[in-house]
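Morning, everyone. Please take a look at the sequence and the fold before I start.

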Amino acid sequence: MNIEIHPIGEWGVRVGALLARRLDEQPGLRLCLPTGVTPAPAYAAFAATGGSLGQTCVFLLDEFVLPPGDPARCDEMLRRDLLDRLEAPPVAFHKLDVDAPSLEEECVRYAALVGDGGLDLTLLGLGANGHLALNEPGSDADTGTRVVELHPETVEAAAAYGEGAPPSRGVTLGLREILASREIWLLVTGGHKAGILDNAINGPVGPGVPGSYLQEHPNTMVLADPAAARLLDREAP
């Protein structure tokens, strides 16, 4: 596992530049993207520098079960924070459709779509309780794409994204599909994530901290700021 620590004031710019460089090298990536507070500065920097997704196939990592157009929905957040800012939007944008008649059938469809070619690069955040996407504690490495009941910490975090009632359920790409990605970037910022990042990187591997499964992935890079990395045995800038 490679770990890069970037200064707090420069974290978004540097991560955005890394993504732009990666897409310059391989513009036709099958790219899986998260939403939320953590990746937003990197998305803004990527868009500001003229980054293009014009040859890229984008997959949304997860979604809250909320009404269409709700500002807290992940598809709405990704459009606001990234897609609508680009001169060249992705050649395809795939997402979990929480408006489908059957969420269970929708999860089967999405897992098959992702599996048909796999993912080249998956960006992830790390939940305060160690979740990856909406794979909450208790999820094992072979857990597939599915409907989930959100833990209280996740509901509380999601409440900040919208003005209405926060979601209690979601649909998520499973750890099985995430860990099959050929490359993973874990994005972590803020001192409130220091303890869980240390647990994910240095603690035992298991379902108690889903992020710990990244220890066993062959090509993972952690992109953290000094506050999040303060408990790691690394020198922060």
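I'll go through the sheet, then the helices around it.

First, the ground rules. This is a predicted model: local features need pLDDT of at least 70, side-chain atom pairs count only at pLDDT 80 or more, and totals for chains, interfaces and linings use all residues. Numbering starts from 1 along each chain as its sequence is written, and side-chain values use heavy atoms, without hydrogens or water.

Helices (H or I, at least four residues) and strands (E, at least two) are DSSP runs, numbered from the N terminus.

Now the sheet. It is open, with seven strands in the order β1-β10-β9-β6-β2-β3-β5, and the pairing is parallel. Two strands pair if DSSP finds at least two bridges between them. Which strands sit at the edges? β1 (2–5) and β5 (92–94), each pairing on one side only. From one strand to the next, the twist averages 20°. Angles run from 0 to 180 degrees between N-to-C directions, with axes fitted to C-alpha atoms, for helices over the stretch in contact.

Look at β1 and β10 (residues 220–224). Four bridges join them. Ile3 has Val222 as its bridge partner in β10.

Next, packing. Contact means heavy atoms within 4.5 Å. α1 packs on the sheet, touching β1, β6 (121–125), β9 (184–188) and β10. Its direction makes about 170° with that of β9. Helix α4 (residues 103–115) also packs on the sheet. α4 touches β2, β3 (57–60) and β5, at about 145° to the direction of β3.

Last, α2 (residues 40–48). Its buried residues (under 20% relative accessible area, 1.4 Å probe, protein chains only) include Tyr43 and Phe46. Their cover includes α1 (11–25), β2 (30–33) and α3 (74–81). Just after α2, Gly50 takes a positive phi of about 80°.

Key. Buried means under 20% relative accessible area, exposed over 50%, partly exposed in between (1.4 Å probe, protein chains only).
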